[in-house]
Amino acid sequence: MKKIILIVGLFLMSTTVFGLTGYSIMKKNSQLSKPKSAFTTVKLKIYKGNRAPIVKKMKVYVKTRGKNTKSRITFTYPTSIEFLIWNTKGQSSQQWIKLSSGRVRKVASGNKGNSWSNSHFYYADLSFSGFKNNNYKYLGEATFRNISGKAVSCYKVKAVQKRGKKVYSKRIIFVGKNDSVIRKVEFFEKGRHTKTLSNYKIKKINGIYTPRASVMKMEDGTGKTILFIKSIKYNLYISDAKFKRSLF
Amino acid sequence: MLSLKGRFSKMKRIIFFFFLFFISLNLFSQIDLGDEKLAGDSSPVKPLLVDNPEASLWKINGFLGSSLYFALPPLGVLDNYELVEPQGRVNLKLRYGTASFYGKITADLFFFPNLEDVTYSHENGKMEAREFYFVAGSDLRLKVGKQLISWGVSDFFRVTDVFDQPDKRTQFSLNPDDQYDGVYSVAIEKNIAGLRLEAVFKPQRTEVKMPLEGTFWLSEYDDIAGYSVSEATAESPSFDLAQSSVGVRYGGVVGSVDLHFFYYNGYNNNLLLAPEVVGSSTVTNVIKRPLSWRVNSVGFDLAFSFGKVSFRVESLFSFDMPAVAKFDSTDVVTAVGFLDGATSVVAISSVKRKQHIATTFEFDFAVRSGLGRIFMGCSWETYLSDDASQIGTRLSDLVYIMYRDKFYDNRLLLAVGGGVVFEDDLLAAVGLDLGYDFLNGLTLHIGGYFLVGMAYLKAEMKF
């Protein structure tokens with residue numbers, strides 16, 4: 001019995017004495033540098049079945065101030081359409097769409113579990129539910145292979161959302177040991193592993209880790225979406241006018 | 001005139017040639033599957049103070065389009081299934097400048113090819129500029145030129161769109177882009193207390209858009225004592241300070257609600273028709289002339305979302321809207337009597353000024369996991385001191401519904417909608433549009449507006 005208690009005790013110590021709790025790992029991740037503003041051009045390649053990929057291109061302006069994040073997304077290919085999105089932490093977002101006639105229509109926020117832009121990303125994948133709004137559990141170590149096949153040592157952390165509407169029953173997050181950058185996320189819906197996000201070509205730009213290619217792959221083999229960040233500029237001065245409803 | 005069978009055979013050839021070009025564009029536009037080149041990550045160490053972080057000051061887009069319109073039986077004034085208008089079109093939107101100082105042009109070049117059995121009331125080609133303006137400033141902004149000024153929030157039947165009258169006749173048939181012509185105006189905007197104050201001056205009276213006779217929006221509603229009844233031709237707009245309009249609007253996002261209030265002094269844009277007798281002792285008929293008078297109006301619009309439903313409301317109250325009194329056939333007889341040989345015009349109705357209110361209420365919600373959307377709404381207008389001797393406006397008291405959806409990975413497009421006008425005689429219109437989106441900018445559409453009297457084939461290549 002003593003041996004059992006000792007083994008269990010050592011196991012627990014190995015995950016707590018060295019600070020290796022799920023919470024601490026994710027806290028370190030949440031403390032990584034984040035941009036106050038960004039301008040990026042994005043290309044989406046959506047693969048469904050054996051058909052040629054659907055390609056979409058967009059320009060994205062983002063600005064964060066305190067709890068408020070405002071984004072302006074302009075699809076430039078294949079059709080021109082523009083969105084203005086205001087997010088406030090803990091509140092539902094406000095969205096507007098600019099029609100080709102120049103008119104602006106307020107639209108209800110997309111259901112978090114709905115597909116975003118006909119891709120394999122959900123609306124829920126585009127906004128983090130909040131570091132403090134999850135329960136974390138350290139699951140052990142794992143490796144993630146980057147695009148060149150090189151192994152990256154990671155911690156595995158289970159995250160379960162505490163409050164609000166849950167799209168995922170849980171997420172298993174692979175966080176780089178050396179840099180605390182998220183390399184992979186396995187998404188579970190109603191207990192079933194449905195899709196996996198892998199971040200590749202991670203570059204440190206102005207001290208901000210940036211995955212230049214993210215792949216969301218369906219586990220049932222029905223398809224995948226690759227999101228390329230074609231270009232990015234951080235911490236630009238972007239006028240508030242860019243995000244005003246009246247000037248949209 | 002060709003037989004129906006012969007006409008369809010000719011149409012096949014026309015359709016083939018019109019669409020061949022676009023199909024070939026699609027076949028040759030293969031998507032690159034190679035490695036993505038990721039560049040441009042040259043972020044500054046210190047924050048940059050730039051007005052326009054994008055590489056180019058130019059923004060150019062638009063589309064190439066072709067369309068064929070056919071007359072359906074209820075149109076009345078044309079032969080059934082007659083090819084009304086084959087059309088080629090180049091739409092170009094050019095914008096040059098930074099966020100706070102730029103110019104914009106939206107122009108259309110139309111081409112109407114010469115085809116047997118198709119005659120036009122216009123030239124074989126024409127060019128139109130819907131927008132041509134300059135913008136300077138951000139917090140205080142000046143916008144001068146021909147511009148789209150679309151006040152109001154609803155998608156259909158905007159009663160508060162006082163400056164640039166949308167083409168209500170074709171709410172179910174036109175591309176939303178085509179419902180506005182743009183108006184020459186000067187607009188000044190300024191942020192005040194977190195909201196936006198906007199003042200607009202339009203030195204021009206815009207023509208009232210008249211529906212085509214025999215269509216849903218203007219049924220043959222009166223047979224006056226055996227005389228022929230027709231609509232007056234629309235007047236061409238002209239610059240005239242005496243016929244200018246001004247408006248002031250204040251509003252923005254208040255909490256989670258979009259809200260605007262406004263005041264307007266200018267010409268009414270609802271379709272009021274006043275009958276007149278025109279003729280001589282030998283030729284006499286009655287025309288219905290659009291009534292566009294200067295009015296004073298106040299209004300508001302608001303839009304908000306509640307759960308997954310978006311609501312939109314807009315309302316316009318006019319203090320002095322013209323009201324046309326009803327007439328009877330004896331008026332016409334009397335009027336004809338005093339024409340007495342000389343060509344002249346005699347009004348056979350009286351016009352009073354009355355308080356008037358117009359409102360549109362609309363909502364929409366997503367279906368099928370957000371792929372489809374259903375729009376529902378109603379629009380009505382009334383005089384506050386209504387009496388039995390008044391003629392109501394023509395586009396009022398209606399309920400409409402529109403369903404838009406996408407299938408097969410957003411490739412197959414469906415739109416079906418319709419409206420019912422609750423008048424003495426119930427009027428209805430139904431529109432159906434089926435499209436295929438190649439997801440590379442090319443879309444093909446086939447559809448029709450039944451009880452309006454038009455069917456079409458369209459191809460459009462966006463760039």
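Me: Ala, Val, Leu, Ile, Met, Phe, Trp, Tyr, Cys and Pro count as nonpolar, Asp, Glu, Lys and Arg as charged, and the others, Gly among them, as polar. What does the lining of the second largest cavity have by class?

Reply: The lining has five nonpolar, five polar and three charged residues. This is a predicted model, in which local features need pLDDT of at least 70 and side-chain atom pairs pLDDT 80 or more, while totals for chains, interfaces and linings use all residues. Residues are numbered from 1 along each chain as its sequence is written, chains are lettered from A and ligands numbered from 1 in the order written, and side-chain values use heavy atoms, without hydrogens and water.

Me: What makes a residue part of that lining, and which ones are closest to the centre?

Reply: A cavity is a set of points on a 1 Å grid where a 1.4 Å probe fits but cannot get out, and a lining residue has an atom within 4 Å of a point. Of the 13 residues that line the second largest cavity, B:Lys202, B:Thr206, B:Tyr267, B:Asn268 and B:Asn269 are the closest to its centre. Its volume, the space filled by probe spheres set on the points, is about 80 Å³.

Me: Which residues lie nearest the centre of the largest cavity, and which elements line it?

Reply: Its volume is about 100 Å³. Of its 16 lining residues, B:Val159, B:Asn269, B:Asn270, B:Leu316 and B:Met321 lie nearest the centre. Strands E11, E14, E15 and E17 of chain B each give two or more residues, and E15(B) gives the most, three. By class, the lining holds eight nonpolar, six polar and two charged residues.

Me: Why are E5(B) and E6(B) called paired strands?

Reply: Strands are DSSP runs of E of at least two residues. A pair needs at least two bridges found by DSSP; E5 (residues 125-136) and E6 (residues 140-147) of chain B have five, so they pair, and they run antiparallel. B:Phe134 has B:Val144 of E6(B) as its bridge partner. Three residues lie between the strands of this hairpin, where B:Gly137 takes a positive phi near 95°.

Me: What share of chain A counts as buried?

Reply: Buried means under 20% relative accessible area (1.4 Å probe, protein chains only). Of the 248 residues of chain A, 50% count as buried. Chain A has 14 strands and three helices.

Conventions
1 Å grid on protein atoms, 1.4 Å probe; cavity = no way out; pocket = protein on both sides within 12 Å on 5 of 7 lines; lining within 4 Å. Helix = DSSP H or I, 4+ residues; strand = E, 2+ residues; numbered from the N terminus.
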